[in-house]
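Please look at the structure with me while I go through selected details.

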Amino acid sequence: MFKKKRNVVSISVLCMITIATLTASFWLPHSPSYIDPDFRLLEPSATYWFGTDDFGRDIFARTVVAAKVSLFVGIVVAVASTLLGTLIGLLSGYYRKADFLMMRVIDGMLAFPSLLLALALVAALGGSIVNIIVALTFAFSPVMARIVRSAVLQINNVQYIDAAKITGTSDIIILFRYILPNIITPIIVQGTFIFAKAILAEAALSFLGVGVDPTIPTWGNMLQEAQIYISIAPWFSIFPGIAIVFTVFLLNILGDGLRDALDPHAKKVKSRKSLLKKLKLAKS
């Protein structure tokens, strides 16, 4: 994974973003919440790198601080939906009698787009960080459950699993000691993609006005506030939008890198391609 420059760059930049967000209070030149009506909608300059918003607040400071909410929601949703989806997928793939009922519920959830399902749950629960995390966890866990179930079905009839069942090994040991370690690759990769999707979903919910408290800066509510000024102050919406796209792009690169590094099939394909190239060079 670390042999490719794009993977190293993506990890390095994501680490830099995380560190910059966590230490923002120590180095930001302006407070993200300071309001000064005399400096409304100023263009980017040496004093205000990203310009100011309609209240005279520093957009750069708010963009940096907003990353804390997006990254926090993304990582918690990724971990929670991965754990929940993995548990459902393991039980569904291993216990065939429970598979029908559990998968029908999952199919019903998958019938709705993830964002629409999350929007309905947040509208019912109310807008807060906790409710957004709960809603996005339930919205993204069905995909993880499907992936894990498929992997369990492929490995469930392998000889060493049958041998463990014959010797009287408990189901818990079989699931978490023999099956789970052998299907961890697709779980890690999908968890990385859920991280990116959760950031996009949180921004979308905040943009629609059902996200976190509007007093807390997030990339989504910054875009929502900037939409009426897009013609006279385009920088107001450009920089939060770039932050979302850039972060999600880096996470997708990281997910692709993990998939290439952990997937044994991909390694075999790459080794065959490199071998064919060497043979062609040798013939020429």
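Let me begin with burial: a residue is called buried under 20% relative accessible area, exposed over 50%, and partly exposed in between, with a 1.4 Å probe and protein chains only. Please note that this is a predicted model, in which local features need pLDDT of at least 70 and side-chain atom pairs count only at pLDDT 80 or more, while totals for chains, interfaces and linings use all residues. Residues are numbered from 1 along each chain as its sequence is written, and side-chain values use heavy atoms, with hydrogens and water left out.

I turn to the aromatic rings. A pair of aromatic rings is described by the distance of the centres and the angle of the planes. Rings of Phe, Tyr and Trp (its six-membered ring) pair if their centres lie within 6.5 Å; planes under 30 degrees apart count as stacked, over 60 as edge-to-face and the rest as tilted. How many aromatic pairs does a search of the whole structure find? The search gives 7 aromatic pairs. In one of them, the ring centres of F50 and F60 are 5.0 Å apart and the planes stand at 85°, so this pair is edge-to-face. The two residues are 10 apart and link distant parts of the chain, with F50 in the loop between α2 (24-27) and α3 (59-94) and F60 in helix α3. Here helices (H or I, at least four residues) and strands (E, at least two) are DSSP runs, numbered from the N terminus. F60 has a relative accessible area of 11%, so F60 is buried. For Y94 and Y95, the ring centres lie 5.0 Å apart with the planes at 90°, so this pair is edge-to-face. Are these two tyrosines buried or partly exposed? Y94 has 10% relative accessibility and therefore counts as buried, whereas Y95, at 32%, counts as partly exposed. F50 and F60 also belong to one aromatic cluster, together with W27, W49 and F239.

Next come the nonpolar cores. A nonpolar core is a set of buried Ala, Val, Leu, Ile, Met, Phe, Trp, Tyr and Cys residues joined through side-chain atoms within 4.5 Å. Which residues have the most contacts inside the largest core? They are V77, L90, L136, I179 and I183, in a core of 61 residues. Taking contact as heavy atoms within 4.5 Å, V77 touches T82, I133, L136, T137, F140, I194 and A198, when residues up to four places away in sequence are not counted. Another core lies apart from the largest one and has 5 residues, including L28, F60, A61 and V64.

I now move to charged residues. A salt bridge is a side-chain nitrogen of Lys or Arg within 4 Å of a carboxyl oxygen of Asp or Glu. The structure holds 7 salt bridges. In one of them, D53 is joined to R57, with the closest N and O atoms 2.8 Å apart. D53 is buried, at a relative accessible area of 1%, and R57 also counts as buried, at 10%. R57 forms a salt bridge with E225 as well, where the closest N and O atoms are 3.5 Å apart. That pair links distant parts of the chain, 168 residues apart: R57 lies in the loop between α2 and α3, and E225 in helix α10 (residues 219-226). Together with R62, the residues D53, R57 and E225 are linked in a network of salt bridges.

Which residue forms a salt bridge with R149? The partner is D99, and the closest N and O atoms are 2.6 Å apart. D99 is in helix α4 (residues 96-110) and R149 in helix α6, 50 residues apart. Both D99 and R149 are buried. Leaving aside neighbours within four places in sequence, R149 is in contact with G89, S92, G93, R96, D99 and M103.

Finally, I mention a feature of the backbone. Most residues other than glycine have a negative phi. L41 is not a glycine, yet has a positive phi of about 50°. L41 is placed in the loop between α2 and α3.

Thank you for your attention.
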